Structure formats: C-alpha cells, structure tokens
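Please have the sequence and the structure at hand while reading.

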Amino acid sequence: MTTRWHPDTCECVLEYDNIINDQVINPKVIKKCSAHTSHSNDKVFDIVSNENRRKNFTLWEAQQIDPAIKIDDYHWRFDNERVLHIDFKNPITPTRKISLQGRLNTRFGMNKTIVE
Ligand SMILES: [Zn+2]
C-alpha cells in the first residue's frame with residue numbers, strides 16, 4: 001500500500017510503499033517545494049526525512065534536558081539555508097539552553113539547529 005506523505009517541515013509531497021528496518025521502500029517524489037527544487041529527485045526523500053527527523057529529535061533532546069517541555073511549547077522554523085531555529089513558550093534556563101545547544105551540535109553538527 002502506498003503512503004502519501006505531506007511533511008510538516010516543508011511543502012514537498014512524497015510517497016513510499018513501506019518502511020522496513022528504517023529502509024524506505026520505493027520512495028517517490030510527487031512534488032518538490034521551493035526549498036528543495038534544486039536537489040535531484042533521488043536525494044529529496046532523504047533530505048526531507050532528515051530535516052523532519054532533526055525537528056522531531058530536537059524536541060526529544062530538549063525533553064531530556066527539561067522534561068516539562070510539551071510538544072505545544074515547542075516552536076520551530078527552518079530558514080532559507082534549512083537551519084532549524086527553535087524556542088519554547090516558557091523559555092528554558094540559560095544553563096539548560098547551553099546544554100541543549102551542545103547536544104544538538106553533537107547530534108546534527110554545528111550550526112544546523114539553533115536554540116534561540
Ligand atoms: Zn521540500
């Protein structure tokens with residue numbers, strides 16, 4: 001069965017038949033958004049998946065630092081360079097912010113996700 005995926009991180013539309021052991025079966029690009037139009041079709045699925053995972057894992061990392069953070073407290077946006085900028089409804093303490101930024105740099109690389 002084919003699943004159509006409208007990621008919440010961009011306007012691309014993607015399809016796949018299944019995901020088995022983290023392997024996407026028969027990925028297809030139905031529509032590329034303006035942020036991803038310059039990438040070839042065979043790369044877009046991975047790029048969009050990785051951005052979506054980065055957005056989700058960033059919340060998970062934040063919750064390791066401060067378990068009180070709820071999904072509704074989590075604000076995020078990607079800029080034109082596809083850097084993820086995040087903040088929280090109730091700002092986290094400066095110490096936690098430094099700690100979270102360090103974890104995100106380790107996981108995703110420098111300047112990929114910025115805690116505002
Ligand atoms: Zn896109």
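The model is predicted; local features need pLDDT of at least 70, side-chain atom pairs count only at pLDDT 80 or more, and totals for chains, interfaces and linings use all residues. Residue numbers start from 1 along each chain, as its sequence is written.

**Whole chain**

The protein chain has two helices and eight strands. Helices (H or I, at least four residues) and strands (E, at least two) are DSSP runs, numbered from the N terminus. Read from the N terminus, the order of elements is β-β-β-β-β-α-β-β-α-β. Along the principal axes, the C-alpha atoms of the chain fill a box of roughly 45 × 30 × 25 Å.

Of the 116 residues in the protein chain, 16% are buried. A residue is buried if 20 or more other C-beta atoms lie within 10 Å of its own, exposed if 12 or fewer, and partly exposed in between, with C-beta atoms placed from the backbone. Among contacts with a separation of 6 or more, 42% link residues 24 or more positions apart; a contact means that the C-beta atoms of two residues, placed from the backbone, lie within 7 Å.

**Strand pairing**

Strand E2 (residues 13–16) is joined by three bridges to strand E1 (residues 3–5), and the two run antiparallel. In this pair, Trp-5 stands opposite Leu-14 of E2. Three bridges also join E2 to strand E5 (residues 28–31), again antiparallel, with Val-13 opposite Lys-31 in E5. Strands pair if DSSP finds at least two bridges between them.

**Helix H2**

The end C-alpha atoms of H2 are 21 Å apart, which agrees with the 21 Å that its 15 residues should span at 1.5 Å a residue. The expected span is 1.5 Å times one less than the number of residues. Gly-109 follows H2 and has a positive phi, near 100°.

Arg-82 has a positive phi although it is not a glycine, and so does Asn-111.

| Residue | Phi | Loop between |
|---|---|---|
| Asn-111 | about 60° | helix H2 (94–108) and strand E8 (113–115) |

Is Asn-111 buried or exposed? Asn-111 counts as exposed because it has 9 C-beta neighbours inside 10 Å. Arg-82 has 15 other C-beta atoms within 10 Å and is therefore partly exposed.
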